[in-house]
Amino acid sequence: MDSPWNELTLAFSRTSMFPFFDIAHYLVSVMALKHQPGAAALAWKNPLSSWFTAMLHCFGGGILSCVLLAEPPLRFLANNTNILLASSIWYIAFFCPYDLISQGYSFLPVQLLAAGMKEVTRTWKIVGGVTHANSYYKNGWIVMIAIGWARGAGGSIITNFEQLVKGCWKPEAEEWLKMSYPAKVTLLGSVIFTFQQTKHLAISKHNLMFLFTVFLVATKITMMITETAFMPFACFEDTLSRMLFGWQQQFSPFEKKSETKSSFNGTGSSTSKPVANASDKVKKKHSKKTE
């Protein structure tokens with residue numbers, strides 16, 4: 001007989017994301033789009049472009065993973081139910097009378113609930129991406145990490161391409177150059193679940209899914225409540241960066257000291273030369289006078 005913990009984690013891993021968790025994911029994605037400058041005006045001016053951008057926000061991870069695996073990138077359109085659900089949320093978010101959806105979403109408990117449910121879907125996407133890549137490339141852990149990362153956080157990368165097409169792309173917002181917290185935590189999850197899939201991590205998948213989801217939800221809610229960019233990986237990144245790439249920085253102070261010493265010695269010798277020359281001139285003048 002299984003323990004209560006195993007029964008809990010196993011039941012959690014079998015939870016269906018449709019419809020409630022998918023609704024939370026679509027709602028958070030669409031509201032993030034609506035809060036961008038000029039997004040509401042664009043929806044009234046060009047609804048088709050706004051709808052397409054919203055679909056990229058909602059299904060960007062699936063599109064990117066399909067591109068990386070040479071699958072049809074528009075395969076997400078085959079799921080009519082999810083497309084209709086995401087389109088309905090986009091419509092009521094942008095065109096609801098008196099902006100009731102935005103007013104209701106502005107309450108912090110609603111945002112916390114929706115964001116927490118969205119993080120649950122992130123775990124499911126990472127696991128689905130890793131498993132799907134493993135079916136193509138058996139134990140190809142680099143491919144599995146890449147696909148799990150793409151499916152879990154590919155929406156932000158796809159939307160960068162969309163901003164480039166619209167002409168509002170900013171280099172400082174590039175996800176490859178400056179990774180956000182969701183991209184970092186998704187990459188970590190992809191690595192962990194890849195190791196579990198390849199039997200390098202001695203833990204069952206349902207236990208790992210439960211623990212990783214609790215970590216995601218707890219950190220996300222903490223960041224929203226405190227309204228700070230709380231980075232749980234900052235210390236680890238600092239330590240790892242110094243261990244792997246900090247050797248040059250450790251030797252640079254000694255190089256600078258030696259350079260300053262040599263430059264000081266050089267200036268000292270250069271200043272001593274004019275003094276010696278001046279003393280020679282004085283001696284010559286004195287000898288001429290005596291003559």
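Let me begin with the lining of the second largest pocket, whose residues divide into six nonpolar, two charged and no polar ones, and let me say at once that what we are looking at is a predicted model. The residues that line this pocket are Met179, Lys184, Leu187, Leu188, Val191, Phe233, Phe236 and Glu237, and the volume of the pocket comes out at about 240 Å³. If we ask which helices contribute to the lining, α9, residues 181–197, and α11, residues 234–245, each supply at least two residues, with α9 giving the largest share, namely four.

Let me turn now to helix α4, which runs over residues 47–68.

My last stop is Ser102, a residue of helix α6, which covers residues 100–105. Is Ser102 buried or exposed? Its relative accessibility is 14%, and since the cut-off for a buried residue is under 20%, Ser102 counts as buried. As for its surroundings, the side chain of Ser102 makes a polar contact with the side chain of Asp99, at 2.9 Å.

Terms used:
Residues numbered from 1 in each chain as written. Predicted model: local features only at pLDDT ≥ 70, side-chain atom pairs only at ≥ 80, totals over all residues. Heavy atoms only, no water. Expected span 1.5 Å × (residues − 1). 1 Å grid on protein atoms, 1.4 Å probe; cavity = no way out; pocket = protein on both sides within 12 Å on 5 of 7 lines; lining within 4 Å. Points joined across faces, edges and corners; volume = space filled by probe spheres on them. Nonpolar A, V, L, I, M, F, W, Y, C, P; charged D, E, K, R; others polar. Buried < 20%, exposed > 50% of the residue type's maximum accessible area, 1.4 Å probe, protein only. Polar contact = N/O pair within 3.5 Å; in protein donor to acceptor, adjacent residues only side chain to side chain.
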